[in-house]
Amino acid sequence: MLELTSPICVAGLSFRNRIVMPPMVRMSPLMPPEVVGVDGSVTPAVVEHYRLRAAAGTSLIIVEATCVDPTGRAWCNGLNLTDDTHIEGMARIAEAISAEGCVPGIQLVHGGPQCDPAACGGVTFGPSRVAPSKSAQRPRAVTPDEIAAITDRFTAAARRSVAAGYRLLDVHGAHGYLLDSFLSPVRNTRDDEYGGTPENRRRFMCDVVRRMAMEAGDAALTACRISLFNKLADGFTPADLLDLAAALVQSGAQVIDLSTDGALKPLPGSDQTLGQALRAHVRAPVILAGELQDPQNAQAALAGGHADFVAVGRGMLWDAAWASTAASSVTPSQD
Ligand SMILES: Cc1cc2nc3c(=O)[nH]c(=O)nc-3n(C[C@H](O)[C@H](O)[C@H](O)COP(=O)(O)O)c2cc1C
């Protein structure tokens with residue numbers, strides 16, 4: 001039976017167990033101010049934040065959403081790989097994680113309509129002029145040329161990530177940021193090749209995955225983070241998410257990183273969870289996040305076939321040693 005401590009190899013890359021730290025930007029009041037930082041610099045405190053979680057026995061750390069383009073800076077204190085000068089700092093984080101026997105991964109993002117205007121130069125980008133929330137400004141609709149340029153920026157950031165030592169590149173395709181906002185039939189009202197049908201709405205994300213996978217080659221796995229809960233009210237369905245995942249795998253994604261608001265909740269009208277449905281639908285390992293901080297639930301998610309890896313976010317912020325405590329405390333699941 002699959003256990004938290006079971007090793008796994010994905011496309012030649014070995015993971016010592018199934019425990020993942022998902023990407024988490026450092027803006028939580030749970031974190032000391034020196035870790036939060038102010039301008040996205042890679043300080044010793046930031047490196048130590050990640051090293052501690054690797055040293056606890058986590059098998060994969062996906063470093064927080066890191067911006068690929070100055071127009072997509074979502075947070076003033078967010079990490080950046082927008083030019084080559086950022087490689088050295090980002091490499092110090094990857095080296096610290098690797099030195100503890102953990103695989104260093106990184107999430108790449110364009111913040112799109114959810115950028116903090118103070119961080120991204122004042123103008124936010126989106127698929128259409130639809131604000132992401134009542135309090136946010138209306139974004140400017142990106143042109144096809146800008147979409148091509150942003151795809152190039154993701155590809156360049158993939159090259160920099162590999163140069164910095166990251167072995168898994170996670171495209172941020174969730175939570176309403178630029179690529180995800182294209183999926184929503186409410187936020188995306190375009191009538192060009194990026195709007196209208198589900199195939200058109202996922203074209204941008206699939207193109208980014210394809211280009212990044214080509215850039216990474218055998219040097220790093222390509223993953224894509226996707227979510228459903230933030231788009232259900234927009235009419236984006238579980239079936240749409242499964243189709244999206246299949247298209248992403250066809251485009252070159254080797255891992256699907258599924259973000260949920262409750263990993264063990266069954267889908268409406270079904271006995272299955274989204275993780276179970278996804279694993280039945282795509283031939284790629286699934287990382288699953290969402291309320292799995294109780295080690296017994298994390299173990300049950302693996303044993304019950306909901307996931308190949310379990311990601312614990314807030315649990316690892318509260319307790320840097322979550323992985324070691326969990327691995328020694330779980331009893332085999334009955335599922
Ligand atoms: C402080 C904080 C920062 C986060 N930053 C990111 C991020 O950079 N990228 C991302 O995809 N998700 C982000 N998330 C979501 C987490 O990766 C995770 O999916 C979510 O917290 C659910 O897992 P949990 O219930 O174990 O906390 C963040 C969550 C928190 C609490």
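Colleague: At what angle do helix α5 and α8 pack, and how far apart are their axes?
Modeller: First, this is a predicted model: local features need pLDDT of at least 70, side-chain atom pairs count only at pLDDT 80 or more, and totals for chains, interfaces and linings use all residues. Residues are numbered from 1 along each chain as its sequence is written. Helix α5 (residues 144-163) and α8 pack at about 35°, with their axes 9 Å apart. Axes are lines fitted to C-alpha atoms, for helices over the stretch in contact, and angles run from 0 to 180 degrees between N-to-C directions. Helices (H or I, at least four residues) and strands (E, at least two) are DSSP runs, numbered from the N terminus.

Colleague: Is the crossing of α5 and α8 left-handed or right-handed?
Modeller: The α5 and α8 crossing is right-handed, meaning that the near helix is turned clockwise from the far one by less than a right angle.

Colleague: Which residues make that contact?
Modeller: On α5 they include Ile147, Phe154 and Val162, and on α8 they include Phe204, Val208 and Met212. Contact is taken as C-beta atoms, placed from the backbone, within 7 Å. By class, the contact of α5 with α8 has eight nonpolar, two polar and four charged residues. Ala, Val, Leu, Ile, Met, Phe, Trp, Tyr, Cys and Pro count as nonpolar, Asp, Glu, Lys and Arg as charged, and the others, Gly among them, as polar.

Colleague: And how do α8 and α9 pack?
Modeller: Helix α8 (residues 203-216) and helix α9 (residues 238-251) pack at about 30°, axes 8 Å apart. That makes α8 roughly parallel to α9, a label for angles under 35 degrees. Cys206, Val209 and Arg210 of α8 meet Ala247, Leu248 and Ser251 of α9.

Colleague: Which strands does α8 lie across?
Modeller: α8 lies across β8 (168-173) and β9 (221-227), and runs at about 170° to β8.

Colleague: What do the strands form, then?
Modeller: A closed barrel of eight, in the order β3-β4-β5-β8-β9-β10-β11-β12, with parallel pairing. Strands count as paired if DSSP finds at least two bridges between them. The twist averages 25° from one strand to the next.

Colleague: Switching topic, which residues are closest to the ligand?
Modeller: Pro22, Met24, Ala65, Gly313 and Arg314 are the closest of the 22 residues that surround the ligand. The shell divides into nine nonpolar, nine polar and four charged residues.

Definitions and conventions:
Near = placed C-beta within 6 Å. Parallel < 35°, antiparallel > 145°, perpendicular 65-115°, else oblique. Contact = placed C-beta atoms within 7 Å.
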